[in-house]
Amino acid sequence: VSSEPTFESAQRELEHIVQRLESGDAALDEAIALWERGEELYRFCLGKLDSAQGKIEDLANRVEAAKP
Amino acid sequence: VERPASSRERPLPVADVVRLAGRAVDALGLVWLVGEVTQVSQPSSGHVYFALQDQGSVLPAVMWGRDVARLRAPIQAGQRLRVRGRLGVYDRDGKLQLYADFAEPAGAGAEALALEQLKAKLAAEGLFAAERKRRLPVWPRAIGLVTGNDAAAKRDVLTGIQARFPPANVIVAETYVQGPRAASAVVETIRRLAELTDVIVVARGGGSFEDLLPFSDERLVRAIAACPVPVVSAVGHEQDMPLCDLAADVRASTPTAAARLVVPDLGELHDRLDRSRAALGAGARRSLDRHAQRLAEAHDRLRRAPALLLERRRATLEQTAGRLRALSPQATLNRGYAIVRAGESIVRSAEAVEPGERIDVEVGDGRFGARVE
């Protein structure tokens, strides 16, 4: 378990930020901070999508590997 | 049963006799019978011609295509079937024939009944209740796949997953999916996969009623309901509906459909992310624009403020002057009144002046001297 956010939680936060910005009541500093955070989340999500390499393995091998 | 009037003098035509015999056997109504299937043939019409035999007797039978289509399993030689139908006599050859409209494996009756009872029991326990169903993870870290060495189901799930979402991690567990060991093998496999994955797909291709029975086994059904991670069931064909389908969190009609359920579509994720980013930029720009506009307006008002202040003061002054003018006696004098002064003081009484005294009179457009008489 890593402290890194999951793709899902990052995507949720990004969409929440977009909503907040679109509501139009954010103060200037907040709007800039939101945008920066949003860009960061976008890059994070995109990185997740582009870098993730799937694998298919066998339960039998997995169990073998787990043995001491 | 109708008795034909016939005699040596008045014999009946063959067609009449065959028709009468047909009516007589049809009067027996719906018949259930059990026997072994032989001589199966299915021409392109879709109807199935076969014969049922046991204890040395044979009965030809036909099932029309629309009834064949409703069967769970095809009619095959060597099967022991429980068949329902009406009897008739085929006029072309005068043979007794069964017009069958339903057939099932002869052993299936008791099993089907037991299955119905188990289903009712588990349903009463709430095992199949909609509120027990869990949502599948959007992006599972690892997907467990329980399958037989049946290549098609396994391949369909894996290809489906990889086509839709290449980053998926799948742990494949091949196990028995048929026969007496299947139920406990699948239970054990699910238990082990649940520790390593966050969603499990149980996939098995179609099969006969008996083949799919392990997937209605009480232990297996309970294990799926109690599984710590959500389970997708893709077992058998659409119409089979083994009990594991009811206990699973989601039922997939095919292995390919199961693949679509357990992973997101990478293309869609990309699109959604791009839309979010576009909206983010637009939102931020709008927010900045709005703040800039508010600033410009404030600046404008600030610049105009001193001039506005002077303007307002001048207006107030004019107004005061107007009121002052309205109050001055000039207007009254213009209407014909006069102010009389004796020396410095205004004369307000006839008693205040003496005859011969000099007075000053002021009228609207000037003043003149006078003497009191």
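Chain B holds a closed barrel of five strands, ordered S1-S2-S3-S5-S4, with mixed pairing. From one strand to the next, the twist averages 55 degrees. This is a predicted model: local features need pLDDT of at least 70, side-chain atom pairs pLDDT 80 or more, while totals for chains, interfaces and linings use all residues. Residues are numbered from 1 along each chain, chains are lettered from A in the order written, and side-chain values use heavy atoms, without hydrogens and water.

User: What makes strand S2 and strand S3 of chain B a pair?

Analyst: Two strands pair if DSSP finds at least two bridges between them. Seven bridges join S2 (residues 48-54) to S3 (residues 57-63) of chain B, so they pair. They run antiparallel. Leu52(B) stands opposite Leu59(B) in S3(B).

User: Which strands does helix H1 of chain B touch?

Analyst: Helix H1 (residues 14-26) packs on the sheet and touches S4 (80-90) and S5 (95-105) of chain B. Contact means heavy atoms within 4.5 Å. The direction of H1 makes about 145 degrees with that of S4(B), on a scale from 0 to 180 degrees between N-to-C directions.

User: Why is Leu28(A) called partly exposed?

Analyst: Its relative accessibility is 35%. Buried means under 20% and exposed over 50%, with partly exposed in between (1.4 Å probe, protein chains only). Therefore Leu28(A) counts as partly exposed. Leu28(A) lies in helix H2 (residues 28-51) of chain A.

User: How much of chain A is buried?

Analyst: Buried residues make up 26% of its 68 residues.

Methods. Helix = DSSP H or I, 4+ residues; strand = E, 2+ residues; numbered from the N terminus.
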